[in-house]
Amino acid sequence: MPAMSDLSLPARGEVPRDQLVRYLGEYLNLGAFKDPSLNGLQIEGTPTVRRVAVSVDTSLKTLQHAADSGADLLIAHHGLFWGQPLPVTGPHRERVRTALMADLNVYAAHIPLDAHPEVGNNAMIARALSLQNPVPFGEWAGTKIGLAGELPFEQSLQDFADRVQKLTGEICLVHGGGRSPTVGRLGVLSGSGAGSIPEAAALGLDTLLTGEPEHKHFHDAFEYGVNVVYAGHYETEVFGVRALAAHLEDRFGLSWQFLHHPTGL
Ligand SMILES: [Zn+2]
């Protein structure tokens, strides 16, 4: 016969929403990061979570997909609320309304999910590329949220870009600004990381792998002498939410699915 306290535990495969929100806040160390994203539970839905959906963005399509799939909770890297008050009108209203009508909890994990040492976007990419001796890299509001290290073997820039393409399924944009055409010492910074080219150069990295190019950083690659491989903002940020969902499956037995709505950017 189970002890009395065991009787109050939820069955595996379901978790009270508030317990899950508390767990996520601690596991993701939400309070440690400055972030324009309103991280945490953004919209409160059903009080018990059994089915989780995860996505990179919270477009109307994504929210509708989560609602149609019967998810109780959507965890997104890019949530609905950023930095400043936003009237709930127009497309924003439609997004919020879709979640409310479906009783869908919406949870955002932005910078904490780039930086997380186990399930973060950068940790997952670094692991997939077998990055050795990783150290924090990629300053963001006073914290380093990416990783830098060495590849187990040097590769030509093209071979490296091909390897990244195999990982993400998308063709990379390559700016060969490096003094050397090979990749050995690499910085990884998911999303919009081109602003870290000077930091990469200062660390002696030959190559930066990031998501999305910005025009103002084009010349930096060539003048600071760093190769930059742009693998896509979306494509570099699918890893964290999927790893987090797998972690929640391990921990609580929750079923989950990834909602793939690529932007091509
Ligand atoms: Zn992002």
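View 1. His233 counts as buried because 21 C-beta neighbours lie inside 10 Å. The cut-off for that label is 20 or more. The model shown here and in the other views is predicted. His233 is found in the loop between β12 (227-230) and α10 (239-252). Neighbours within four places in sequence aside, His233 is in contact with Gly191, Ser192, Gly211, Glu212 and Leu265.

**View 2. Glu237, in the loop between β12 and α10.** Glu237 is buried: 23 other C-beta atoms lie within 10 Å. Which residues does Glu237 touch, not counting those up to four places away in sequence? They are Val56, His77, Asn121, Ser190, Gly191 and Gly211.

**View 3. An open sheet of 5 strands.** The strand order is β2-β6-β5-β4-β13, and the pairing is mixed. Strands of a sheet pair through backbone hydrogen bonds, either parallel or antiparallel.

**View 4. The β4 and β5 pair, with α10 on the sheet.** β4 and β5 run parallel, joined by 4 bridges. Ser55 stands opposite Ala76 in β5. α10 packs on the sheet and touches β4, β5 and β13. The direction of α10 makes about 165° with that of β4.

**View 5. The buried face of helix α3.** Which residues are buried in α3 (residues 60-68)? They are Thr62, Leu63 and Ala66. Seen down the axis of α3, these buried residues fall within an arc of 95°, so they line one face of the helix. Their cover includes β4 (51-55), β5 (73-76) and α4 (90-101). Just after α3, Gly70 takes a positive phi of about 80°.

Conventions. Residues are numbered from 1 along each chain as its sequence is written. This is a predicted model: local features need pLDDT of at least 70, side-chain atom pairs count only at pLDDT 80 or more; totals for chains, interfaces and linings use all residues. A residue is buried if 20 or more other C-beta atoms lie within 10 Å of its own, exposed if 12 or fewer, and partly exposed in between; C-beta atoms are placed from the backbone. Helices (H or I, at least four residues) and strands (E, at least two) are DSSP runs, numbered from the N terminus. The arc is that of the directions from the helix axis to the C-beta atoms. Two residues are in contact if their C-beta atoms, placed from the backbone, lie within 7 Å. Two strands pair if DSSP finds at least two bridges between them. Axes are lines fitted to C-alpha atoms, for helices over the stretch in contact, and angles run from 0 to 180 degrees between N-to-C directions.
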